Amino acid sequence: MLVAGVDVGSVATKVAVIDGDKTYCRLAPTGWSPRDAGLRTFRELMAELGVSEKQVDFVVGTGYGRISLSFVHKAVTEITCHARGAAHMVPGSAAVIDVGGQDSKVIKIDHRGRVLDFIMNDKCAAGTGRFLQVTAAALGADVSELADLAWGKKPVNLSSMCAVFAESEVIGLLAAGKDKGEIVAGLHRSIARRIASMVQRLGPVDRITFTGGVARNEDLRLCLEAELGAEVVVPEQCQMAGAVGAALIARDQVEGKAQWLS
Ligand code: ADP
């Protein structure tokens, strides 16, 4: 049986294919057309695996661009897919923090990865991947360099966590001679505080899994642990959690185990 999950995110499109006990993944920038990015990335992975689209038994689409995907059999919300993917990647997870390009969400889950409760912030850009990209650019750095910059640095206090004002505040701090690393450490601490307050609104949880592209930032993971007083685990394929969850849901559909979805 071959099943696939296609997660069209605001920044990156992720595709996962499950073939027996093997999972294959591909990631590409979404660009301006979610529809094209979804289809193109799916086809690229098919070509890489040497299989035809017709051989895939079921495809689940997720992410903000899921409604534009005409080739998927079913569209499922990213909350459900991330929960399923994270529970699979880190068995025993009780909660998931997912921070992607334009939203952040915290999800309380059961042992099978079913959603018990969630809080999503998609109204405010502060603390999202794009916000970090813009701030990194203001510091003349790439988003992948932020963790190293902040490593072991004393965080500055930031007065504003509004995405609109943070960039100009960062520029002001640089002009005042503040160390880049201390500015980034301050940003990470502020972001971690915001996310931790979302987690706390869901009640006490431990065994927290951190997913999404932003979870690749190790310093932010450490800040989250400090704010939450709990272990925060980042799976190796953290950015693929939604796509893998979608593929697992596709497999459930084929196996007739998907009643709990509806
Ligand atoms: P979406 O699903 O909305 O497209 P993703 O979960 O794919 O979002 O995450 C995209 C974000 O991940 C980017 O905006 C960027 O900030 C962050 N990111 C990507 N690669 C790295 C990295 N190596 N280190 C830190 N952050 C990263």
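**Figure 1. Overall fold of the predicted model.** The chain has 8 helices and 10 strands. This is a predicted model. Its C-alpha atoms fill a box of roughly 60 × 40 × 30 Å along the principal axes. The radius of gyration is 19 Å; a compact globule of 262 residues would have one near 18 Å, so the two agree. Of the 262 residues, 52% count as buried. Among contacts in the chain with a separation of 6 or more, 65% join residues 24 or more positions apart.

**Figure 2. Surface and charge.** The chain exposes about 11900 Å². Carbon and sulfur atoms supply 51% of that area. There are 29 positive and 30 negative side chains. The centres of the two sets lie 4 Å apart.

Figure 3. Strand β6 spans residues 95-99 and holds aspartate 98. The relative accessible area of aspartate 98 is 2%, under the 20% cut-off, so this residue is buried. Its side chain reaches the backbone nitrogen of glycine 212 at 3.2 Å. Leaving aside residues up to four places away in sequence, aspartate 98 touches His82, Asp103, Ser104, Lys105, Thr211 and Gly212.

Figure 4. Helix α7 covers residues 218-228. Its buried residues are Asp219, Leu220, Arg221, Cys223, Leu224 and Leu228. An α-helix has 3.6 residues a turn, so residues three or four places apart point the same way.

Figure 5. At the start of α7, a side-chain oxygen of asparagine 217 reaches to within 3.2 Å of the backbone nitrogen of aspartate 219. Aspartate 219 is itself one of the buried residues of the helix. Glycine 229 follows α7. The phi of glycine 229 is positive, near 65 degrees.

Figure 6. Arginine 40 sits in helix α1, residues 34-49. Its relative accessible area is 40%; that falls between the 20% and 50% cut-offs, so arginine 40 is partly exposed. Valine 143 lies 103 residues away along the chain. The C-alpha atoms of arginine 40 and valine 143 are separated by 25 Å.

Notes: Residues numbered from 1 in each chain as written. Predicted model: local features only at pLDDT ≥ 70, side-chain atom pairs only at ≥ 80, totals over all residues. Heavy atoms only, no water. Helix = DSSP H or I, 4+ residues; strand = E, 2+ residues; numbered from the N terminus. Rg over C-alpha atoms; globule rule 2.2 N^0.38 Å. Buried < 20%, exposed > 50% of the residue type's maximum accessible area, 1.4 Å probe, protein only. Contact = heavy atoms within 4.5 Å. Areas by Shrake-Rupley, 256 points an atom, 1.4 Å probe, with all protein chains shown as cover. Lys, Arg positive; Asp, Glu negative; His and termini not counted. Charge placed at Lys NZ, Arg CZ, Asp CG, Glu CD. Polar contact = N/O pair within 3.5 Å; in protein donor to acceptor, adjacent residues only side chain to side chain.
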